[in-house]
There are 2 protein chains.
Amino acid sequence: MPVVTFQPSGRTASVDQGTELLDAAKLANVEIATPCGGKGTCGNCLVRIVSGEVDSNSTDILAETKGKDAYVQACRTKVLDTPVTANIPEQVEIKEGKSTDAYVDASLIRKELFPKSSQLAPLAFKIYTEVPEPQPEDGFSDVDRLTRSLQSECGKKEFIYSLPVIRSLADMLRDKEGKVTATLVSQPGQYQVINVEPGDSTSRQLGIAVDLGTTTVSVLLVDQSIDKIMAIRADYNAQIKCGLDIISRINYANRADRMEELRLLALKTINRMIKQVSDDTTVRPEEISNAVISGNTTMIHLLLGLNPEYIRLEPYTPTIFEVPYLSANETGIDIHPGSLIYISPAVGSYVGGDIGAGLLCTDLSTDTDQVNLFIDIGTNGEIVVGNSEFLMTCACSAGPAFEGGGIDAGMRAAHGAIERVEVDKATGSVTCSTIGDVSPTGICGTGMISLLANLFQTGWIDPAGKINRTKKSPNITFSGRQAFYTIVPEEETSTSKPIVISESELANIIRAKAAIYSACCLMLDQIGIGFDDIANVYIAGGFGRYLDLQASIIIGLIPDLPPERFQYIGNASLMGSYMLLLSNEFKTKQLNLAKRMTYIDLSKYPEYMDQYTAAQFLPHTDLSNFPTVQAMMKEN
Amino acid sequence: MPVVTFQPSGRTASVDQGTELLDAAKLANVEIATPCGGKGTCGNCLVRIVSGEVDSNSTDILAETKGKDAYVQACRTKVLDTPVTANIPEQVEIKEGKSTDAYVDASLIRKELFPKSSQLAPLAFKIYTEVPEPQPEDGFSDVDRLTRSLQSECGKKEFIYSLPVIRSLADMLRDKEGKVTATLVSQPGQYQVINVEPGDSTSRQLGIAVDLGTTTVSVLLVDQSIDKIMAIRADYNAQIKCGLDIISRINYANRADRMEELRLLALKTINRMIKQVSDDTTVRPEEISNAVISGNTTMIHLLLGLNPEYIRLEPYTPTIFEVPYLSANETGIDIHPGSLIYISPAVGSYVGGDIGAGLLCTDLSTDTDQVNLFIDIGTNGEIVVGNSEFLMTCACSAGPAFEGGGIDAGMRAAHGAIERVEVDKATGSVTCSTIGDVSPTGICGTGMISLLANLFQTGWIDPAGKINRTKKSPNITFSGRQAFYTIVPEEETSTSKPIVISESELANIIRAKAAIYSACCLMLDQIGIGFDDIANVYIAGGFGRYLDLQASIIIGLIPDLPPERFQYIGNASLMGSYMLLLSNEFKTKQLNLAKRMTYIDLSKYPEYMDQYTAAQFLPHTDLSNFPTVQAMMKEN
């Protein structure tokens, strides 16, 4: 088998003839980013052939596919029967996440938004009981004895025990004089006993809420006995190296081994964060017996090992919307293995359970007549509009820009992220506010919105997002035809590298905001109402601690409405998951919401493309919808 | 760590100081038989210390526990901090089973004994359906589409899918134009979908019935769609090297690793036979979607990894009597992993689900007024007496003699087993009938009954089972104080070793029959009836193809009643399991039987010991209960 050597690490792999260089790299434990999912379209996996021959079918214009020192796309190049040495340009090798620190602001979980729950009623709950000693001639087994004790606490239902619980009983019921705490799940006509612990542990009943995003994953650890948030973590989804957006991930998953790879990457991300929130407190992961996971339909498919291919192909039929309760053990989530995992039901192929969860914290889940608008700004942007009589929803691909993806200096809203800037109109210099008041590491979503608005307001960029070439500033540099804006010079950053944004990255952000805004417009057009008819606009997303409303309006991300109509509710999917964790009653509510929603497939509306194109300006080509911005522009 | 070397194999193991020689042997992959379960009582694990020092606490009188060349019990000897070489005498090393061939007589499954079942109604059953293609705008997922198709076949119940089934759907529903066969389990208000296969496979619905005996394990492969036995196998339980009877196994299981070892040995035995019955036909084990397992309470505990310790200790409380449905996957049974395993419910600590299964093929499960007696002759002998108004049951330790255990020439009722003998009164020579009409390999249970009766009838042994020392025969030899009876000389056997039985082995058989008979007597005494009041005696057991009634009466194994009152029903536990496999209605019946039975603990009755002692003669010390034998003895 030919040996492939990767420089600069020098790692090698022996592979079969015909193996893709991308797979050879994986075997050699060398990571190569494939933001397009290995489909040959992004060109990010270019490697240089130092020696040996390969069979390349590269499509990228930068690739030179013949001879030594040719650049080829690793995803479209196969090993022949000779040894190969390939050099991976520095930028292609994936760095560990830039922002894996613990910083997440728990204040983003705003309990005041929760509807009052009649009571704490989690799926799994604990009951303490004391089981009397076995008596001669009573003819009871250990299971019988525990059942009788539990029946005296919970009533005469049937109790069904899992095999691991049955295995633990012989010794458990004889230690500590039969004092045990059982964790039960209530089912029609019966209780499932998923765990039995020695002594009384009812004072601690733990659960986790998970928002599984395309780019960012968040985990919340909750003590359900007292409704207390114990820890919160957010980090990048380890799948991003296999594609930045949903379609890229689906493309990457076109082979069984890659589908399995994506499944394990999602699990790895979630489980690492479960470990982190456990370590942050004094919890052992196996003490956690409730979990709610919300995510878009593709993320949930990948997490469960379901083939996502048909989500991408007409008529866009996923395997499942409403996932049955699955055990932690069979899903691979590292909490108590007998725990049942609740997965928020999806609405459509591109409107996932994260939206249903998010709506729980808004008036869209109440029976109001007022029409409300819910905008979840994520890599997959999702929008819901409606009231108690109708609910319409759609999804658009905004890309990961607001979460720091696809932007060289981009990062999650974590310690060291620039979240607000002020640009000097005269010099073009920038003053930054950073999360945690530390030296900046990168820029998060709210920072980008602030930057874009400021650059536009001060005239350093034009409505098309092009950097002003008529004025000079030390912050502006050029490379070829592209201009770059230095936000923070290298001597002031935590990484000793400058924080710079390019014109094409600015265009990325503008495309993201355009996708969101134009999707809102199309939805309202379909219903025949305007933004003025909207009572409340709920904006959700994990891109920062707050939303700079004025800046968001200036760039045309959100409609130009009075500030009191907006509510920024942060990671609504995570908050909704938290509510689902606390009480089963929200599950019924969420399921009804999911069933009531009508899904609009934007790709079926040719006018969406026109709307999208018109929105790729700051704030928009049609300024009449942005009167306050128009007024501001006139002032300048 | 000191190294232990075992001769003659030369295998070694590095072990911690303080490790038992028995565990060291296991690590070195050297098998040492421990019929007593490693409790130090049987002396079968004697090994000779060739070099090195050990810390021995041997109890066996044959052990010499000091110095080089000392014999020690491996189960009571610990390694010190120096290397040790131990020699394992030939007889201690376990040979592979003598009779692992495929021979089992399917005629022993006597369907004429089955009560008429109203219909074939197995737990898991197949439904064929054709799922229409996904349509744009219908908003159905793959799961929804299959559910709608299945609902049109089975009605509007809820359908719950297992994760592996959900994983298979995306491709399965798109191959073969949506033609699929689903395997369903009916549950209150819902169906569980445990498997989906492409195309129409309803013509083959496979299940296995398993009798998990202490000594012998039997597996039956059935096509439930047409009620056809496809294959049958029986073999020794691989656990026997860890103890011959239930108490020895429980003793052996006194450490978690040994409990796990016993669990894996039971699984290995069952799974090897599942593989065999599959290979015997053209079945893949994963096509099998139903399983019923019946066994005594201890065997079921060991199979499921439940600590059996408290079965042995007063007040004899097992972990469980009525095991919930468990998946094949979680139990480790190698059939379709989503299959649900039904385990026959136990009656008491020493009366297992095998008895409840066995009763299903007798009139004891009907509502007759006649009092019937059921005797299951196994290593653990179990007896039930009663009618529609009462059912009493007890268990006695008969030992494995009738299944060939503990008898040097003993074997299961398989090819090459002597099943009937005729002893010449004058010369003492023996004429044998062998299963399969081949050269004999050993002697099975029915052969031993025939031999014992013949030797007694012809005067070659006395009522105490002692070989007649006053007559000379070339078949009789002596070694020390013990006499041996050669059944077949070495030149006539398949193994070129003579088939010989010793006086102490004859005593083993007599003890076994005495345990059974005296237990029957005690039960009837408690009820206040005699054998004459019994309408039918059902004799079950896996010791042969038939029961030689006359011989059994002559040795006093069964009461001296007219032949028409007896029915030999072979492996009743296996037959009952087969019935349970065919129709769920028998499960309700079995559960009711189990609940109706009153368990008598023989150890609580001092008179049982007297009865047992009195029964250790041929046929019995009290000849008045054996009038036909008495008459025969007078004739001689």
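## Terms and basis of the model

Two strands pair if DSSP finds at least two bridges between them. Helices (H or I, at least four residues) and strands (E, at least two) are DSSP runs, numbered from the N terminus. Strands of a sheet pair through backbone hydrogen bonds, either parallel or antiparallel.

The model is predicted: local features need pLDDT of at least 70, side-chain atom pairs count only at pLDDT 80 or more, and totals for chains, interfaces and linings use all residues. Residues are numbered from 1 along each chain as its sequence is written, while chains are lettered from A and ligands numbered from 1 in the order in which they are written.

## Paired strands of chain A

In chain A, strand β24 (residues 476–479) and strand β25 (residues 482–488) are joined by 4 bridges in the antiparallel sense. Thr477(A) has Phe484(A) in β25(A) as its bridge partner. The hairpin of β24(A) and β25(A) has 2 residues between the strands, and Gly480(A) takes a positive phi near 65° there. Strand β25(A) also runs antiparallel to strand β26 (residues 499–502) of chain A, with 4 bridges; here Thr486(A) stands opposite Val500(A) in β26(A).

Strand β17 (residues 340–343) of chain A pairs with strand β15 (residues 288–295) of chain A in the parallel sense over 4 bridges. With strand β16 (residues 326–327) of chain A, β17(A) pairs in the antiparallel sense over 2 bridges. Ile341(A) in β17(A) stands opposite Ala291(A) and also opposite Leu326(A).

## An open sheet in chain A

Five strands of chain A form an open sheet in the order β2-β1-β7-β3-β5, with mixed pairing. Its edge strands, β2 (11–14) and β5 (71–73) of chain A, each pair on one side only. On average, neighbouring strands of this sheet are turned by 35° against each other, direction ignored; axes are lines fitted to C-alpha atoms, for helices over the stretch in contact, and angles run from 0 to 180 degrees between N-to-C directions.

Within chain A, strand β3 (residues 46–51) and strand β7 (residues 84–87) run antiparallel and are joined by 3 bridges. Ile49(A) stands opposite Ala86(A) in β7(A).

## Two helices of chain B

The axes of helix α11 (residues 503–527) and helix α15 (residues 606–614) of chain B come within 8 Å and cross at roughly 130°. The two helices α11(B) and α15(B) are therefore oblique to each other; angles under 35 degrees count as roughly parallel, over 145 as roughly antiparallel, 65 to 115 as roughly perpendicular and the rest as oblique.

Residues are in contact if their C-beta atoms, placed from the backbone, lie within 7 Å. Ala514(B), Ala515(B), Ser518(B), Cys521(B) and Leu522(B) in α11(B) meet Glu607(B), Tyr608(B), Gln611(B) and Tyr612(B) in α15(B).

## The relation of the two chains

The contact between the chains takes 32 residues from chain B and 32 residues from chain A. On the side of chain B that touches chain A, α2 (142–154), β9 (158–161), α3 (163–172) and α7 (309–312) each supply at least two residues. The largest share of this side, 6 residues, comes from α3(B).

The same surface serves both copies, as 100% of the contact residues of chain B recur in chain A.

Technical notes. Contact = placed C-beta atoms within 7 Å.
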